[in-house]
Structure formats: structure tokens, C-alpha cells
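Trainee: I would like to learn how to read side-chain features from a model, taking one feature at a time. Could you guide me through an example?

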Amino acid sequence: MTVKKPEGDLKLEQANMILGFNYETDETVTMQMETLAVAGVHIPAQSMSVSASKIRISGMLRLKQTAPIHDGVAGGILNTYNKDFFDQLEYLSADSLINEYVSTRNESTHYDFTKSVQYAASDDLLSNSI
């Protein structure tokens, strides 16, 4: 995904990404759900003399559950959370969406990721997008 900066000389300090995925399990419990990967990338202040030209994240979605899963163990598909989570952005802020996702769901995912940031001088054409 490429995002064009509103101004070419904008010095990005933070990038927050919320990505939606269809997540399925098919072993002990057969489950289908819409899940999120949330990644925040902070760009160090000492790099403000150049502009971030590329941010790359790579990682693994890991199933997270707060309590044992009882429904779906005896057969059938557990699909309690198989709905488009981003539909809620019509009436929730992104912060509220993430808070609800983390605090109200028994099954969710955690995104374990690594990041890299590439930089370009402000007169470089690459510095106009991320």
C-alpha cells in the first residue's frame, strides 16, 4: 500500500495502521472471525532532517483468547465475531474501535511484527509518499 503525503516535506513522526483480516481455525475448534492487526510505528526525532520514504512491517497474527472456548468444540462453526469490524467506524472513532476490540472479545488476534523505516532527503521524489 502506498500513501501520498499531504505535503512533500511533511516529517512523519508516527504511523498507526489498522488492518482487517478474515481469520479461521479448523482443528480443535472450527472458527471464523474478522480480526485486526494493529501496528504503530514511531519515527525517532533524530531522523527529522530527512523524510520517511518507506515503512515496512512484517509479522504474524497470533490467536489470543481470554477464556476457554466452549461453543464450537462439539461441532459446527463458531462465528460470533465473523462480521465486518470496520462497519463500526461509521459511529466509533478508531481509538474506540480498538478499545472495544481488545476489551470485549474473548477471541482476537495479536500482531507480532517487526518494522523498518527507510529515509529520503526532502528533494528526493521518494519522500512524497510512504
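Predicted model: local features only at pLDDT ≥ 70, side-chain atom pairs only at ≥ 80, totals over all residues.

Trainee: Let us begin with charged pairs: how many salt bridges does the structure hold?

Mentor: A salt bridge is judged by the distance between a side-chain nitrogen of Lys or Arg and a carboxyl oxygen of Asp or Glu, with a cut-off of 4 Å. The structure holds one such bridge, formed by R62 with D112, whose closest N and O atoms are 2.6 Å apart. Because R62 lies in strand β3 and D112 in strand β4 (residues 107–120), the pair ties together parts that are 50 residues apart in sequence. R62 is partly exposed, with a relative accessible area of 43%, and D112 is likewise partly exposed, at 31%.

Trainee: What should I look at in an aromatic pair, and which rings form one here?

Mentor: One looks at the distance between ring centres and the angle between planes, where an angle under 30 degrees counts as stacked. The structure holds one aromatic pair: the rings of Y111 and F113 have centres 5.4 Å apart and planes at 15 degrees, so the pair is stacked. Y111 counts as buried at 13% relative accessibility, whereas F113 is partly exposed at 28%.

Trainee: Which residues make up the largest nonpolar core?

Mentor: That core has seven residues in all, namely Y23, V29, M31, M33, I69, L78 and Y81. A second, separate core has six residues, among them L12, A15, A52 and I55. Beyond its neighbours within four places in sequence, Y81 is in contact with M33, E34, T104, R105, N106 and E107.

Trainee: Finally, where is F86 found?

Mentor: F86 is in the loop between β3 (51–65) and α1 (94–104), and at 27% relative accessibility F86 counts as partly exposed. Apart from neighbours within four places in sequence, F86 is in contact with I18, L19, G20 and L36. F86 and L36 are 50 residues apart in sequence, and their C-alpha atoms are 9.5 Å apart in space.

Definitions and conventions: Residues numbered from 1 in each chain as written. Heavy atoms only, no water. Phe/Tyr/Trp six-rings, centres within 6.5 Å; stacked < 30°, edge-to-face > 60°. Buried < 20%, exposed > 50% of the residue type's maximum accessible area, 1.4 Å probe, protein only. Helix = DSSP H or I, 4+ residues; strand = E, 2+ residues; numbered from the N terminus. Contact = heavy atoms within 4.5 Å. Core = buried A, V, L, I, M, F, W, Y, C linked by side-chain atoms within 4.5 Å.
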